[in-house]
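The sequence and the structure are shown first, and the account follows.

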Amino acid sequence: MTDNPSEKMIETDIFKLISNRRSIRKFIDKDVPNEVIRKVLEAGFRAPFASQICSIVYTKDKEKMNNLKRMGVYPTSKLFMIFLIDFDRMTKIIKQSNYEYDYDDGMVLWLGVQDASLVAENIILAMEAMGLGSVLLGFAPLMADQIAEVFNIPSKAFPVVGLCAGYPDPDHLMDVRPRFPYEYSAFEDEYRDLSEEEIKSCMKAMDDGYITQGYYIKQNAKIPLKSGKDEIGFDKYSWSEHICRKITQGIRSKETLSEILRKKGFDM
Ligand SMILES: Cc1cc2nc3c(=O)[nH]c(=O)nc-3n(C[C@H](O)[C@H](O)[C@H](O)COP(=O)(O)O)c2cc1C
């Protein structure tokens, strides 16, 4: 720990920190000091790695934020990060070591997602410990071209996820979100095929929790149906309905992820 007030830890009990964490979507207008950014990023890179195929580009730059907004990326905070599968750097390492690449690009991407996800979670928790909040932005891979343009990212470096980060607005704190009941997610010794009743319990735990919190009403967020009249009002619209609409109504981007990856030089 340091004497610098901007580097003060706020929460040091790791279990408390993890169970109180929730995504933050409204931030106050307060700058995140550079030394805090560096500290949390360094904590990020202490995560276990498969191949260190992860880099981060971050910005506080107003013009870059505006460019991102113009392109349809919506950073809601004063600090924005992009977690990259960085196979560009690895390609250079292979070249300098006089080897020729011969591997499965699918596996390279998998390794990169594994590395980037662990780095991201370390950073999210390190930020929580310092009183910062964050929300991930999962659309990043589908906006690879726009993000590459703003941040000058080469082919073979590919965005996994974005992260908006900053000091939470205490007047707009979201509730801690429910999860599937433990016994339906953690299986000792062997996988358990869940019965229809157990699946119903999973859905109920999530749906009751979200409706009690008024989550979708507060966000005024409902995925529109592709066709037909929407009979489900906000009193019934909950997590199961939301996730089903998201996953069953087709990709909403112009190109599929495989097409975008091919364009960026990955052999899909
Ligand atoms: C990979 C990933 C992508 C996400 N993308 C988005 C996003 O684009 N927009 C958003 O508001 N939240 C996004 N989230 C946040 C989730 O909605 C949130 O984590 C989830 O609802 C659970 O809530 P909690 O983080 O408050 O526990 C994302 C989370 C993950 C892990």
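## Salt bridges and cysteines

Glu 197 and Lys 200 lie 3 residues apart in helix H7 (residues 196-213), so about one helical turn separates them. Helices here are DSSP runs of H or I with at least four residues, strands are runs of E with at least two, and both are numbered from the N terminus. The side chains of Glu 197 and Lys 200 meet in a salt bridge, with N to O at 3.5 Å. A salt bridge is counted when a side-chain nitrogen of Lys or Arg lies within 4 Å of a carboxyl oxygen of Asp or Glu. Glu 197 is exposed at a relative accessible area of 52%, while Lys 200 is partly exposed at 49%. The classes are buried for under 20% relative accessible area, exposed for over 50%, and partly exposed in between (1.4 Å probe, protein chains only).

The model is predicted; local features need pLDDT of at least 70, side-chain atom pairs count only at pLDDT 80 or more, and totals for chains, interfaces and linings use all residues. Residues are numbered from 1 along each chain as its sequence is written, and side-chain values use heavy atoms, with hydrogens and water left out.

Across the whole structure, the search finds 15 salt bridges. Three of them are listed below.

| Salt bridge | Closest N and O atoms |
|---|---|
| Lys 60 and Asp 31 | 3.4 Å |
| Lys 264 and Asp 145 | 2.9 Å |

Lys 60 forms its salt bridge with Asp 31. This pair links distant parts of the chain, 29 residues apart: Lys 60 is in the loop between strand S1 (54-59) and helix H3 (62-70), and Asp 31 is in the loop between helix H1 (14-20) and helix H2 (34-45). Lys 60 is partly exposed at 27%, and Asp 31 is partly exposed at 41%.

Lys 264 forms a salt bridge with Asp 145. Here too the pair links distant parts of the chain, with Lys 264 in the segment after helix H10 (257-263) and Asp 145 in helix H6 (residues 144-151), 119 residues apart. Lys 264 is buried at 11% relative accessibility, whereas Asp 145 is partly exposed at 33%.

Turning to the cysteines, the count is 0 disulfides, a disulfide being a pair of cysteine sulfur atoms within 2.5 Å. The sulfur of Cys 202 is 13 Å from the closest cysteine sulfur, in Cys 244, and is therefore too far for a bond. Cys 202 is buried at 5% relative accessibility.
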